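Let's walk through this model together, starting with the domains and ending with a few single residues. Have the sequence and the coordinates open as you read.

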Amino acid sequence: MKALSLPMFLTIKQNVIEDLTDHLIARIENVTRMKTIILTSNGITRRFPRIIDTMKSTFNDLYVFYVEDSTYENALEAARKISVEDYELVIGIGGGKVLDTTKYAAYVSKKRYISIPTVLSNDGIASPIAVLKIGGGRVKSFGCKIPDGIVIDINVIKNAPIDLLKAGIGDVLSNFTALYDWELSFKNGRAKFDDFAYLLSETALNLILYGREQDIQSDDFIRQLAQALVLSGLAMDISGTSSPCSGSEHLFNHALDQFYDVHIPHGLKVALGTLGSCIFQHRDYSVIVDCLKKYHVNVSPEKSGIDKDTFVGAWMKAKSTRPERFTILDIVDLSTSYLEETYYKISEVLK
Ligand SMILES: [Zn+2]
């Protein structure tokens, strides 16, 4: 187990983004005197025009870097600017693309990094992993460090598209099968295990699985989802691997991304993958189905635009996306007929 390096602060609050400057002043000593770079998108500055203006009038030296796309090249370009021009503080405000770019740029330039997500669609908000585009339609996960501070505005999250919130739920539920795969890998001598990381990932899962608040746009639910995603990120950080939150269900998602054209958020693809993995692991998947239904998250293959051949093909190719990772896919015999049967079973229970 590696030494804990927790973020300096985690704020989950209503309208905190409106008072972002004051909030940062309260949390980071001499922050306004630090040479600061904000990575964000045009869409975000249009949505929150006052934030940047207020920060510019308060900070001694503030530069805004616009992230067009989460390519490896863009992340390196940002890292170069930060290093060459000696920025001391890096702040990312936006969705997954902006935050992945910021996270990697801050890691490469070895600078302090504050994460301000505007959506809660996956556990990347606090994970030590940046997913960047590397060309040819491919993405790669790069190890980096978790943010030094996280600011989540409940109101901002509430106003984001509801499918992105549902995707966040799906990414937390995937811990159910990921933890099983991780333990399986350990028992087969293929991975190190970490009880505390297991505890964090399972706690995140239980927050969503057994939470009583059913309105996913309520303050309480958004707070719980944010907590669950942050705990998942910390589980990956202290174990030094994504395994506590990424098992065979994520390999299914990687295969969909790599070989097929399925345009739904990551968290919804892994939620569908979680049901497949549950079946391969011979576990009762009703707990996941009930949870998806409780929150009105429909990941049926039909709704997700995944036909039978795509489903079967993606599972067949899943293992090849990360051959070194031991999961249930190394044990189960994935024949076409078994996968077709799985497809029909899942379509039926999600009706
Ligand atoms: Zn994920």
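What follows covers the domains, the strands, the nonpolar core and some residue pairs.

A quick word on ground rules: this is a predicted model, where local features need pLDDT of at least 70, side-chain atom pairs count only at pLDDT 80 or more, and totals for chains, interfaces and linings use all residues. Residue numbers start from 1 along each chain as its sequence is written.

How many residues of domain 1 are in contact with domain 2? There are 21, and they meet 25 residues of domain 2, with contact meaning that C-beta atoms, placed from the backbone, lie within 7 Å. On the domain 1 side, β1 (9-13), β7 (138-143), β8 (149-153) and α6 (154-158) supply at least two residues each. Helices (H or I, at least four residues) and strands (E, at least two) are DSSP runs numbered from the N terminus. The largest share, three residues, comes from α6. By type, this side of domain 1 has 14 nonpolar, four polar and three charged residues. Here Ala, Val, Leu, Ile, Met, Phe, Trp, Tyr, Cys and Pro count as nonpolar, Asp, Glu, Lys and Arg as charged, and the others, Gly among them, as polar.

**Strands**

Six strands make an open sheet in the order β1-β8-β5-β4-β2-β3, with parallel pairing; strands pair if DSSP finds at least two bridges between them. β1 and β3 (61-66) sit at the edges with a single partner strand each, so one side of each has no neighbour in the sheet. On average, neighbouring strands of this sheet are turned by 15° against each other, direction ignored, going by axes that are lines fitted to C-alpha atoms.

| Strand pair | Sense | Bridges | Opposite residues |
|---|---|---|---|
| β1 and β8 | parallel | five bridges | leucine 10 and isoleucine 150 |

**The nonpolar core**

The largest nonpolar core has 101 residues, and Leu39, Val90, Ala105, Leu173, Leu225 and Leu229 touch the most other members. Such a core is a set of buried Ala, Val, Leu, Ile, Met, Phe, Trp, Tyr and Cys residues joined through C-beta atoms within 7 Å. Helix α10 (residues 219-239) gives the largest share, 12 residues. Why does this core lie between domain 1 and domain 2? Both domains give residues to it, so it lies between them. Take leucine 225: leaving aside neighbours within four places in sequence, leucine 225 is in contact with Leu120, Gly168, Ile169 and Ile208.

Threonine 54 belongs to helix α3 (residues 49-58), and lysine 81 to helix α4 (residues 72-84). Threonine 54 counts as partly exposed because 16 C-beta neighbours lie inside 10 Å. A residue is buried with 20 or more other C-beta atoms within 10 Å of its own, exposed with 12 or fewer, and partly exposed in between, C-beta atoms being placed from the backbone. Lysine 81 has 16 such neighbours inside 10 Å, so lysine 81 counts as partly exposed.

Threonine 54 and serine 335 are 281 residues apart in sequence and 59 Å apart in space, C-alpha to C-alpha. For lysine 81 and aspartate 257, 176 residues apart along the chain, the C-alpha separation is 31 Å.

How values were computed
Two residues are in contact if their C-beta atoms, placed from the backbone, lie within 7 Å. Axes are lines fitted to C-alpha atoms, for helices over the stretch in contact, and angles run from 0 to 180 degrees between N-to-C directions. Domain bounds come from an automatic or database domain assignment.
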